[in-house]
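Please examine the structure before reading each solution.

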Amino acid sequence: MSENEKTQDKKKKDAGKVFLEEVSKSPLTLTILAIISGLILGGLLVAVTTVEVYEAFDVSFWEGIKTGARAAWSTYEALFYGSVGNPGKIIDAIKGGDAEEIRRAVNPFFESLVVSTPYIFAGLAVALGFRVGLFNIGAEGQIYIGAAATVTAAIFLKGLPAIVHIPVSLLAGFIGGGLWGLVPGLLKATTGGHEVINTIMMNYIAFRLSEFLLRGPLKNPDGFTPVSAPIEQSARLLRLFDSPIRFHIGFFIALFVAFLVYLLLFKTTWGYTLRTVGANPRAAKYAGMNIVQTTVIAMVLSGGLAGLAGANEVLGVNHNLALAFSSGYGFDAIALALLGKSNPVGVVLSAIMFGFLRNGAIQMQLSAGIPIDIISVLQAFILAFIAAPAIIRTIYRLKEPDIDIDAVTLRGWGGN
Amino acid sequence: MATNNNSANYGQSSPTRRRVMGIVFLVIAGLIYFIFSRTLDPGVQTTFKMVPGGSKQDIPDWIFNSLPLINILAGLSLLAGGYQLARGFKKRTNLVLGLVGGMFIFAFLTWATADGSLNLAGLIRSALVKAVPLTLGAMSGVLCERSGVVNIAIEGMMLTGAFVGALVGSLTNIYIGLLAAVLSGGLLAAVLAVLSIKYKTDQIISGTVINIFATGITSFLSARFLQKYQELNDPGRFPTIKVPVLSDIPFIGPIMFEHNIFVYAVFIFLIVLTIALYYTRWGLRTRSVGEHPKAADTLGINVFRTRYVSVILGGFMAGFGGAYFTLGSVGRFDELMTAGRGFIGLAAMIFGNWNPFGSFSAGMLFGFFDALASKMAILKVAIPSEIMLMFPYLATMVILAGVVGRSQMPAADGTPYEKE
């Protein structure tokens with residue numbers, strides 16, 4: 001073996017090593033490992049809360065492990081079938097050729113996209129806040145106010161063509177949510193009142209307000225329950241397939257909005273200002289950037305995006321406004337904005353993942369008897385790992401990255 | 001940081017603030033006169049019942065002519081406003097503000113009850129009961145934040161405490177249930193502490209993670225076990241204990257001294273925590289770590305250990321507050337039963353300026369509006385209860401905005417400490 005060959009061999013090894021090192025430093029690896037670890041812990045939770053597992057442990061240790069693994073597996077299987085559809089059923093339906101049967105078989109997949117849509121809007125809302133250094137916990141309230149504004153426009157404006165009525169209703173939702181973001185934004189920028197407290201308070205005010213509206217002015221005069229009248233036909237978002245598929249064009253609107261947010265953040269001067277204010281307000285100030293204005297506008301946009309999530313639910317899915325119509329989209333949005341590293345692309349991907357998880361979980365609850373709340377537990381695990389990457393790095397022996405560019409920097413409790 | 005410099009010239013004696021306060025008093029006087037007094041017929045009577053329902057004390061109802069009393073209250077507010085503008089109450093401004101606010105509420109009650117009757121004692125008693133979880137939550141926040149760790153996970157800790165209290169209480173007895181609830185709050189707090197002190201995660205994010213986790217795990221376990229096996233969700237409740245002599249005091253006795261241990265615990269914790277924070281070496285150290293950790297470290301105080309201790313103690317407090325829901329109030333666990341009380345507790349803490357008695361006052365105020373909202377239907381006033389219930393949230397935002405006086409948060413609150 002010549003000297004030359006030896007160095008060549010060494011070089012090859014180095015290339016492999018370098019690749020591994022790059023992988024272990026990449027933030028994406030971290031995210032994926034966080035998700036996997038979360039899923040494993042979730043499966044473990046299912047296993048330890050299944051009574052049969054303990055009975056099997058009485059038989060033998062190995063039997064117990066097997067039963068536990070089976071319980072976790074069947075949970076995730078049900079989750080998969082519920083969110084994507086049962087592949088066997090889909091193939092059978094296509095072979096059978098009955099159109100309704102096919103629609104029913106692929107419905108879970110489209111339903112997951114329907115659930116993803118408000119997540120995209122709300123996730124973008126929280127992500128935009130993070131980018132400017134603000135923690136918008138108020139997305140849930142903004143969703144409610146946006147939905148209330150939208151439903152008002154969609155019920156009481158009559159005789160408009162759909163091409164006008166839909167944009168007007170969406171705009172109403174944007175303005176409603178934007179208003180709910182404006183207040184904490186202004187308070188933050190002018191008095192230093194922390195947006196976390198203010199948005200939490202605004203959430204509760206929004207809940208009470210929509211409760212009041214639904215028992216009073218917005219209540220369906222023909223009904224007894226606190227539900228609004230159905231919205232005008234002309235305000236409904238187009239559905240692309242026949243029943244039972246509820247998939248509507250709102251999904252594409254959400255993708256388009258995500259694209260706009262991406263352009264705004266990364267391709268405009270104002271977006272640069274916004275990110276600078278978020279990353280280092282002091283530097284932004286010395287560079288002559290207007291922090292007050294940027295903060296306020298960012299909060300308005302953030303609230304408006306959340307408002308669109310509410311508008312989307314009203315115009316595309318429910319066609320009316322009910323109490324507690326949003327099952328915590330605004331709160332889940334915090335998790336998925338963190339998971340998506342406050343990047344529009346990341347947010348869309350995480351939103352779709354959350355949509356599939358939540359929709360699948362509904363099926364899982366029905367067929368495997370696992371309460372849907374396990375989704376929140378999964379979220380918490382994943383989030384904890386994302387927020388404290390050191391934990392994941394220690395478990396999987398990953399290398400420290402040189403700089404953590406994606407770290408969320410929030411401004412301190414005390415203002416400024 | 002910058003806030004503190006601002007607050008220096010925002011202090012009690014600044015002329016702007018003096019004038020603003022004077023105008024506020026005058027506006028309140030005007031409101032009392034024009035809204036309440038002008039809309040009443042002379043000769044109308046208001047009846048306040050002075051004994052809460054279920055108590056055996058015998059105090060005659062308090063019946064008086066509504067109009068003169070309201071006019072007197074308006075006049076007093078007017079005087080307060082005038083004096084404030086001319087001379088100023090200086091250090092006592094906030095006290096006077098509280099008094100004037102109280103007069104406004106009293107005038108409102110008198111006006112709303114005109115020609116009818118209201119159980120005043122019952123209202124105050126129910127406000128006190130509703131203030132219990134809020135105050136406990138707020139004191140949990142005080143403990144954590146005085147040492148410089150923001151705790152927005154009070155809600156999650158309380159929910160977990162409520163669940164664990166119900167479950168363990170059903171399996172054993174309520175005393176062990178209570179202990180377990182307290183420990184579970186402490187456990188979550190330990191997670192918060194490790195995440196935010198050791199891993200230096202953003203404290204608001206780690207708090208949010210704990211909230212999500214607590215909502216998920218309690219609902220999950222409740223749906224999986226408590227609903228199927230009802231006997232796991234039947235812990236019983238702590239009995240009402242009449243304090244021997246004190247409960248015989250007229251009016252005050254039945255309001256304050258005929259409760260279960262949770263209400264008395266609030267009184268005790270208030271005193272203990274105040275003394276501990278302001279009159280002991282431990283308190284001084286905790287507060288110094290919250291204000292200026294580097295200086296504290298230089299003086300040889302272990303910043304990390306101090307923070308761990310405070311946060312975990314705060315978790316115990318929140319767990320205790322959570323147990324109130326299951327073991328002190330309802331007697332079983334329902335999903336999401338804390339219903340945002342932890343967040344209102346956080347608001348009460350801010351409102352109360354990060355100190356125990358302030359938190360309690362804020363808790364009482366919020367509890368009062370909560371109690372009043374449920375009485376609005378009886379009073380036949382045109383304010384919907386939903387609007388009434390917005391008050392605590394609005395008030396908190398106003399306080400936070402510094403309209404009534406800058407709140408003084410610990411300077412290092414929310415910033416992880418990096419040892420050099």
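**Exercise 1.** Determine which strands helix α5 of chain B lies across, and describe the sheet.

*Solution.* Step 1. Helix α5 (residues 120-146) of chain B lies across β1 and β3 of chain B and runs at about 35° to β3(B). Helices (H or I, at least four residues) and strands (E, at least two) are DSSP runs, numbered from the N terminus. Axes are lines fitted to C-alpha atoms, for helices over the stretch in contact, and angles run from 0 to 180 degrees between N-to-C directions.

The model is predicted: local features need pLDDT of at least 70 and side-chain atom pairs count only at pLDDT 80 or more, while totals for chains, interfaces and linings use all residues. Residues are numbered from 1 along each chain as its sequence is written, and chains are lettered from A and ligands numbered from 1 in the order in which they are written.

Step 1. The sheet is open, with 3 strands in the order β2-β1-β3 (chain B) and mixed pairing; two strands pair if DSSP finds at least two bridges between them. β2 (62-65) and β3 (117-119) of chain B are at the edges with a single partner strand each, so one side of each has no neighbour in the sheet. On average, neighbouring strands are turned by 20° against each other, direction ignored.

Step 2. Strand β1 (residues 45-49) of chain B pairs with β3(B) in the parallel sense over 3 bridges. B:Phe48 has B:Leu118 in β3(B) as its bridge partner. Helix α3 (residues 66-86) of chain B also packs on the sheet, where it touches β1 and β2 of chain B, and its direction makes about 80° with that of β2(B).

**Exercise 2.** Characterise the packing of α7(A) with α14(A) and with α8(A).

*Solution.* Step 1. Helix α7 (residues 139-156) and helix α14 (residues 329-339) of chain A pack at about 135°, with axes 6 Å apart. They are therefore oblique to each other (angles under 35 degrees count as roughly parallel, over 145 as roughly antiparallel, 65 to 115 as roughly perpendicular and the rest as oblique). Their crossing is right-handed; a crossing is left-handed if the near helix is turned anticlockwise from the far one by less than a right angle, and right-handed if clockwise.

Step 1. The residues of α7(A) that meet α14(A) include A:Ala139 and A:Ile143, and their counterparts in α14(A) include A:Tyr329 and A:Phe331. Residues are in contact if their C-beta atoms, placed from the backbone, lie within 7 Å.

Step 2. Helix α8 (residues 162-191) of chain A packs with α7(A) at about 145°, with axes 7 Å apart, and this crossing is right-handed. The contact of α7(A) with α8(A) has 13 nonpolar, 10 polar and no charged residues. Ala, Val, Leu, Ile, Met, Phe, Trp, Tyr, Cys and Pro count as nonpolar, Asp, Glu, Lys and Arg as charged, and the others, Gly among them, as polar.

**Exercise 3.** How many residues of chain B are in contact with chain A, and which element of chain B gives the most?

*Solution.* Step 1. In chain B, 45 residues are in contact with 39 residues of chain A. Among the elements of chain B that give two or more residues are α1 (2-9) and α14 (341-351).

Step 1. α8(B) gives the most, with 15 residues. This side of chain B divides into 29 nonpolar, 12 polar and 4 charged residues.

Conventions:
Two residues are in contact if their C-beta atoms, placed from the backbone, lie within 7 Å.
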